[in-house]
Amino acid sequence: MKIRKLETFTNEFVGFVRVTAEDGSTGWGQLSTYNADITAAVFHRQVVPWALGRGILEIDDMVGEIARREHKFNCSYLYRAMSGLDTALWDLRGRLEEKPVVSLIGGEPGRLRAYASSMRRDITPEDEALRFRRLRDTYGFDAFKFRVGSECGLDRDEWEGRTEAIVPAIRKALGPDVALMVDANSCYSPGRAVEVGRMLEQNGVEHYEEPCPYWEMEQTREVTATLSVDVTGGEQDFDMQHWKRMIAMRAVDIIQPDILYLGGIARTLEVARMGAAAGLPCTPHAANLAMVTLFTMHLLRAIPNAGKYLEFSIEGPDYYPWQEGLFVEYPYEVSDGMVTVTDRPGWGVEIDPDWLARSSYRQSEVAA
Ligand SMILES: [Mg+2]
């Protein structure tokens, strides 16, 4: 069965893709968030031409061909756009076979441990500790990630002393039994990264994300080789050559592909397999509660080298106003610190018709 039509529904932040097959059956996917309107333009110009009229099961072939045909545009936008095609096709296939995507890729529905992931640096250590305690008491989270340093900050902290204060403050507030993670978002030189890393180790932090500028893989490797805490990274990387190099040089202890930055499920499975072959766990990046976290839930219940937990954003409408009202039924209920991958076909969600009605619409269709 062939792809007949591809439609996008976007605003500046979020973009959904609907694929329609010859028989009229449909599937929903998502472009990566932010500049989704620009990504949709790339989608219709540089992804759709290689997909319309192709068999709906030829996902691997299509994503490979798009990368080859558009080789002069090997950039983030191409893969952010490709993700919309890939994830819509997985949903379509799931709906046709009446199986959840997790079952199509070798796993089973069920529960997953989530970690509460803070996106904020403008928050004081005291306030971050307070909201983590509330989240623990309300939802049962037993793992938390917070931010250290400043984003791409050339060794500078968000404000002086914040990092040295927040790490012990969070440990003290939550006690010795919870898992703590931090994200430096490309802040540090190797020397400073190791200094901070020693302090993290003293406070029992188990995951040290993106300590050095992510593109400086040799710097990250130096930190990984020096510290005992797990150094993690890879969320920005969409180029398979970067992944091969990162894994071969052991730049990180845990790989963190983002399904929608990388080009979709097919390419993320490929990266997860490369990690598995090297003995590296995979804890994907999923920084908001649009569809990326749902895609990641299905993936984590299917791959053999799944990391210990799902990234689960704790930010609400004040930080992510654009993630409100996307779904007919909310897929992200948390209890006992766990989320659930259901056995509903495909991704198991419907996009809210009111949201779609407010979006910018564009379609590409096979000529009749
Ligand atoms: Mg990160």
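The reply below starts with the whole chain and then turns to the sheet.

Reply: The model is predicted: local features need pLDDT of at least 70, side-chain atom pairs count only at pLDDT 80 or more, and totals for chains, interfaces and linings use all residues. Residues are numbered from 1 along each chain as its sequence is written.

First, the setting. The protein has 13 helices and twelve strands. Helices (H or I, at least four residues) and strands (E, at least two) are DSSP runs, numbered from the N terminus. The radius of gyration is 20 Å, close to the 21 Å of the globule rule for 368 residues, so the protein is as compact as a globular protein of that length. That radius is taken over C-alpha atoms, and the rule is 2.2 Å times the number of residues to the power 0.38. The C-alpha trace spans about 65 × 40 × 35 Å along its principal axes. Buried residues make up 48% of the 368. Buried means 20 or more other C-beta atoms within 10 Å of a residue's own, exposed means 12 or fewer, and partly exposed lies in between, with C-beta atoms placed from the backbone.

Now the sheet. Four strands form an open sheet in the order S3-S2-S1-S12, with antiparallel pairing. Two strands pair if DSSP finds at least two bridges between them. Strand S3 (26–30) and strand S12 (360–365) stand at the edges with a single partner strand each, so one side of each has no neighbour in the sheet. The twist averages 20° from one strand to the next. Strand S2 (residues 15–21) is joined to S3 by five bridges. In this pair, Val-17 stands opposite Gly-29 in S3.

Next, the helices. Helix H1 (residues 36–47) packs on the sheet and touches strand S1 (3–10), S2 and S12. The direction of H1 makes about 165° with that of S1. Helix H3 (residues 76–97) lies across S2 and S3, at about 145° to S3. Axes are lines fitted to C-alpha atoms, for helices over the stretch in contact, and angles run from 0 to 180 degrees between N-to-C directions. Contact means C-beta atoms, placed from the backbone, within 7 Å.

How does this part meet the rest? The protein is divided into domain 1 (3–98 + 352–365) and domain 2 (103–341). These bounds come from an automatic or database domain assignment. The domain centres, taken over C-alpha atoms, are separated by 27 Å. The contact takes 23 residues from domain 1 and 21 residues from domain 2. Helix H2 (59–69), H3 and helix H13 (353–358) are the elements that give two or more residues to the domain 1 side. H3 gives the most to that side, with ten residues.

Ile-105 is in the loop between helix H4 (101–104) and strand S4 (110–117). Ile-105 counts as partly exposed because it has 19 C-beta neighbours inside 10 Å. Ile-105 and Glu-7 are 98 residues apart in sequence and 25 Å apart in space, C-alpha to C-alpha. Leaving out residues up to four places away in sequence, Ile-105 touches Ile-265, Leu-269 and Ala-302.

Note on methods:
Two residues are in contact if their C-beta atoms, placed from the backbone, lie within 7 Å.
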